[in-house]
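Work through the following exercises with the coordinates open beside you, and try each task before reading its solution.

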Amino acid sequence: MTPPEQNENTPLPPASAAWSPSTRLTHDAAQGAHQPVVPPIYQTSLFTFASYEEMEQTVSGEQPRSIYSRGHNPTVAAFEAQVAALEGAETARATASGMAAISMAVLSQLRAGDRVVCVRDVYPDAYKMFTQLLPRFGIHTDFVDGSDTDAFIAALPGARLAYLESPTSLTFQLQDLEAITRAARQHGVTTLLDNSWATPLHQRPLSHGVDLVVHSASKYLGGHSDVVAGVVAGPHALIDRMNALEYSVLGGKLSPLEGFLLLRGLRTLPVRLAQQAAAGMQVATWLRAQPQVLAVHHPALASGIQAERFQRYFRGTSSLFSFRLGGGPLRVRGFINALKLFQLGVSWGGYESLVYPAAIGHSAPPGPNAQRDFAVPTDLIRLHVGLEDPQDLINDLQQALDAGEAAMPQP
Ligand SMILES: Cc1ncc(COP(=O)(O)O)c(C=O)c1O
């Protein structure tokens with residue numbers, strides 16, 4: 001018998017559907033007996049029962065409440081309820097990492113022999129899952145340029161799952177969600193989208209026909225670079241099925257302490273994102289005017305069809321983008337080593353500005369067609385703009401560009 005907690009609907013805190021996200025996020029959970037303004041951390045593995053009858057009623061699902069923290073924990077459930085509300089989803093499931101959310105959601109949709117269509121230049125560990133883990137179970141993935149809607153749609157017939165990341169997190173290409181999800185529905189293909197870049201404040205994929213949304217909550221949702229976590233949001237029909245098998249047997253649950261930190265992070269998401277987005281635009285616009293910079297990949301600065309997609313699907317931007325620095329590897333190395341405020345690091349979405357040179361590693365994970373399916377240029381540099389003053393960041397970039405120039409071989 002499946003314990004009822006694994007089918008249990010995530011309880012929504014008493015909040016009004018009319019509230020805007022920032023109001024909702026400051027009223028984030030039902031308060032306990034002592035009415036603390038901050039919901040408590042239920043740091044417990046199990047929950048006990050007063051009697052045989054009470055346990056029996058709970059296990060049979062008659063009386064929904066927590067039994068064991070791998071299935072349901074009130075602190076984690078409060079975070080899940082917030083994400084579900086922000087995404088406009090029926091329910092959500094928090095996980096131990098973004099990759100746990102991605103792998104459990106993907107596995108919940110697939111059977112041996114299935115085919116997946118995935119966007120090119122996808123997050124590298126998702127790419128690794130599609131090219132190294134899933135083939136063990138006879139599951140094949142075709143990687144298609146997600147910005148080419150016709151090509152993506154042409155690959156859908158016969159597939160079970162379409163995996164989207166809009167924008168892609170290194171090259172920042174956007175997909176036409178409505179055209180793709182319409183075609184996917186016609187062909188019985190489930191769609192799943194990684195929405196970590198935009199956050200539900202700026203893109204709500206379910207409202208554009210996407211079936212399942214995943215997040216690395218380690219990024220903007222947490223916002224303080226102190227949590228690794230993930231979340232999947234969508235309809236009960238899909239999430240409850242994942243809860244009943246993949247989630248419960250793979251066990252990638254979120255800890256109550258991290259659920260608490262995520263609730264704390266979410267409260268300031270609207271203000272952090274607004275400030276970081278504005279600073280990011282200022283920095284990206286400045287970079288675009290520098291002679292050494294070949295191109296800036298920022299969804300809000302895109303042109304043509306990419307700009308149309310940005311207008312159509314996004315309510316705002318975040319502060320992660322990339323650019324290409326011409327002049328070769330010595331200039332890139334000299335530039336990176338000269339930066340003082342931008343710290344060298346892999347993640348993003350926290351309070352601090354970060355730089356990540358694609359050439360260092362993640363750019364070409366192994367795979368049979370890695371050069372084609374993961375064509376991230378080696379002179380690509382990704383920036384995450386944090387909460388520092390943008391003029392200080394621009395000054396830092398200026399002196400680092402000068403240092404990069406000096407590091408080049410002199411004629
Ligand atoms: C776009 C994107 N999706 C998913 C992940 C995976 O998330 P996590 O590191 O929380 O497992 C990352 C991590 O960097 C990411 O950048």
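Predicted model: local features only at pLDDT ≥ 70, side-chain atom pairs only at ≥ 80, totals over all residues.

**Exercise 1. Describe the surroundings of the ligand and find which residues make polar contacts with its oxygen atoms.**

Begin by collecting the residues with a heavy atom within 4 Å of the ligand, which gives Ser 97, Gly 98, Met 99, Ile 102, Tyr 123, Ser 169, Asp 194, Ser 216, Ser 218, Lys 219, Ala 229 and Trp 348. Next, sort this shell by residue type, and it divides into 5 nonpolar, 5 polar and 2 charged residues. Then assign the shell to secondary structure, where helix H4, spanning residues 98-109, supplies the largest share with 3 residues.

For the polar contacts, take pairs of N or O atoms within 3.5 Å. A polar backbone atom of Met 99 is 2.8 Å from an oxygen atom of the ligand, while an N or O atom in the side chain of Ser 216 is 2.9 Å from a ligand oxygen. A polar side-chain atom of Trp 348 lies 3.2 Å from an oxygen atom of the ligand. Finally, turn to the ligand's surface: taken alone the ligand exposes 390 Å², and 89% of that is buried by the protein.

**Exercise 2. Determine how the protein chain is divided into domains and how much area they bury between them.**

First set the bounds, with domain 1 covering residues 4-267 and domain 2 covering residues 269-406. Over C-alpha atoms, the centres of domain 1 and domain 2 are separated by 27 Å. Counting contacts next, 46 residues of domain 1 touch 42 residues of domain 2.

**Exercise 3. Locate the cis peptide bond and the residue that has a positive phi although it is not a glycine.**

Pro 167 sits in the loop between strand E4 (161-165) and helix H7 (177-186). Inspecting phi, one finds about 60° at Asp 121, a residue placed in the loop between strand E2 (115-119) and helix H5 (124-133).

How values were computed. Residues numbered from 1 in each chain as written. Heavy atoms only, no water. Polar contact = N/O pair within 3.5 Å; in protein donor to acceptor, adjacent residues only side chain to side chain. Areas by Shrake-Rupley, 256 points an atom, 1.4 Å probe, with all protein chains shown as cover. Helix = DSSP H or I, 4+ residues; strand = E, 2+ residues; numbered from the N terminus. Nonpolar A, V, L, I, M, F, W, Y, C, P; charged D, E, K, R; others polar. Domains from an automatic or database assignment. Contact = heavy atoms within 4.5 Å.
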